[in-house]
Amino acid sequence: MANQQPATRPANPRFSSGPCAKPPTFDLTKLADAPLGRSHRAAVGKDKLKAAIEGTREVLGIPADYKIGIVPASDTGAMEMAMWSLLGARGVEMLAWESFGSGWVTDVVKQLKLDAVSKTAEYGEIVDLASVDFANDVVFTWNGTTSGVRVPNGDWIPADREGLTLCDATSAAFAQDLPWDKLDVTTFSWQKVLGGEAAHGMLILSPRAVERLESYTPAWPLPKIFRLTKGGKLIDGIFSGATINTPSMLAVEDYLFALDWARSVGGLEGLQARANANAQAVFDFCEANDWIANLAVDAATRSNTSVCLKFTDDRIKDGAAFAKAVAKRLEAETIALDIGAYRDAPAGLRIWCGGTVETSDVEAMLPWLAWAFEAEIAAQG
């Protein structure tokens with residue numbers, strides 16, 4: 001029998017893992033109130049930036065005594081600022097199970113030249129969290145965007161730790177539970193779970209992190225764009241809307257819209273429920289089809305946002321070429337855009353399931369994935 005195309009198509013084929021799909025109610029008219037051509041230091045700019053900070057605190061449930069700053073260069077900029085400003089005061093443990101975590105290892109070991117303990121795991125696996133020594137500062141990603149592996153919870157982090165925890169939470173914030181009492185530095189990008197525009201990152205500091213900043217001076221010079229203190233005191237303006245460099249007020253307006261949309265779907269709980277439903281649709285599909293599987297080995301560590309998949313059929317002759325061909329076929333049909341695995345990850349697919357994606361679109365896309373798989377199997381000859 002010929003491989004028939006499914007009858008239903010996704011209304012939105014955007015399943016990219018970053019920049020991610022905009023909220024379903026988005027259109028450009030939502031940004032009409034952006035104060036374009038105005039200084040971000042004018043009252044209107046300051047008010048917008050402060051609203052972005054306090055809206056983040058409200059939706060994520062961040063404690064009142066934590067500092068929230070808008071910083072340049074997306075999540076990467078936020079993490080670099082934190083590592084260059086805070087590390088070196090005590091020992092460091094670096095945890096990595098995907099490409100971005102591995103990048104942080106490179107920065108700390110080769111750029112800062114710290115004698116760090118590095119614990120790594122292959123794609124699909126996670127390091128032994130019970131072995132982490134919290135007398136050290138610990139740097140890790142909460143959700144591995146390129147591996148689809150996340151930490152299951154914060155139970156492995158002790159409340160009475162001596163070191164700081166530095167957490168890259170860019171694909172976890174707004175989709176997974178972040179235990180703020182266990183996190184001293186948390187970073188994320190607007191372009192991920194809420195589908196905001198790229199360029200800006202968020203830097204969230206606990207009182208312990210602020211204390212470190214005000215009591216420790218790194219041995220290396222800090223570029224202006226990384227400086228969080230002046231005269232031994234936190235530059236508090238960064239955390240009230242006085243950004244280090246000029247922000248895009250259009251991107252700020254877009255983020256404010258995304259926060260409003262998040263509130264409209266039930267806030268953090270609503271966002272988590274949407275992501276869970278999306279991911280579960282993919283998990284169920286994998287259970288029903290023996291030619292595809294979740295890259296994450298342990299179900300407890302499976303991401304509900306960046307769901308990474310691998311093909312397991314013995315008939316596949318060239319795994320990388322096959323996965324690319326499936327992704328290309330789905331893109332050609334405008335069914336699923338940008339779902340190829342990350343360039344450093346094992347061959348396969350990566351389907352974004354964050355809260356801005358509609359479950360109905362995931363469910364409509366999956367039969368097409370089966371169609372594309374069968375078509376490529378047949379094309380192998």
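A pocket, on a 1 Å grid over the protein atoms alone, is an open set of points with protein on both sides within 12 Å along at least five of seven lines; a cavity is a set of points where a 1.4 Å probe fits but cannot get out; lining residues have an atom within 4 Å of a point. Grid points are joined across faces, edges and corners, and a volume is the space filled by probe spheres set on the points. This is a predicted model: local features need pLDDT of at least 70, side-chain atom pairs count only at pLDDT 80 or more, and totals for chains, interfaces and linings use all residues. Residues are numbered from 1 along each chain as its sequence is written, and side-chain values use heavy atoms, with hydrogens and water left out.

**Stop 1: the pocket and the cavity**

Select T76, F100, T170, Q191 and K192. Of the 15 residues that line the largest pocket, these lie nearest its centre. The space there comes to about 250 Å³. Now colour α2 (74–86) and α3 (99–111), the elements that give two or more residues to this lining. Helices (H or I, at least four residues) and strands (E, at least two) are DSSP runs, numbered from the N terminus. The top contributor is α2, with three residues.

The largest cavity holds about 40 Å³. Select its lining: T170, A173, F174, F188, S189, W190, K192, V193, L194 and Y255.

**Stop 2: the seven-stranded sheet**

Show the strands in the order β1-β9-β8-β7-β4-β2-β3. They form an open sheet of seven strands with mixed pairing. Two strands pair if DSSP finds at least two bridges between them. At the edges stand β1 and β3 (117–120), each with a single partner strand, so one side of each has no neighbour in the sheet. Neighbouring strands are turned by 15 degrees against each other on average, direction ignored.

Zoom in on β9 (200–205). Buried means under 20% relative accessible area, exposed over 50%, and partly exposed in between (1.4 Å probe, protein chains only). In a regular strand the side chains alternate between the two faces of the sheet. On one side of β9 sit H200, M202 and I204; on the other, G201, L203 and L205; all are buried.

Now look at the partners of β9. With β1, the pairing is antiparallel over six bridges. Pick I70 and its bridge partner M202, then V71 and its partner G201. Strand β8 (residues 185–189) also runs antiparallel to β9, joined by five bridges. Here V185 stands opposite L205.

Helix α1 (residues 43–60) lies across β1, β8 and β9, at about 125 degrees to β1. α4 touches β1, β4 (137–141), β8 and β9, and its direction makes about 95 degrees with that of β9. Axes are lines fitted to C-alpha atoms, for helices over the stretch in contact, and angles run from 0 to 180 degrees between N-to-C directions.

**Stop 3**

Select K67, in strand β1 (residues 67–72). K67 is partly exposed, at 27% relative accessible area. Leaving out residues up to four places away in sequence, K67 touches L203, I204, L205, V210, L234, D236 and F239. Contact means heavy atoms within 4.5 Å.

Move to S206, in the loop between β9 and α4 (207–215). S206 counts as buried, at 2% relative accessibility. Beyond residues up to four places away, S206 touches Y66, L183 and D184.

**Stop 4**

Show β12-β13-β14, an open sheet of three strands with antiparallel pairing. β12 (292–294) and β14 (349–352) stand at the edges, each with a single partner strand, so one side of each is left without a neighbour in the sheet. The twist averages 35 degrees from one strand to the next. Three bridges join β12 to strand β13 (residues 306–311), and I292 stands opposite F311.

Stay on F311. Its contacts, apart from neighbours within four places in sequence, are W291, I292, I316, F322, A323, V326, L349 and F373. F311 also belongs to the largest nonpolar core, of 87 residues, where F140, F174, F311 and L369 touch the most other members. A nonpolar core is a set of buried Ala, Val, Leu, Ile, Met, Phe, Trp, Tyr and Cys residues joined through side-chain atoms within 4.5 Å.
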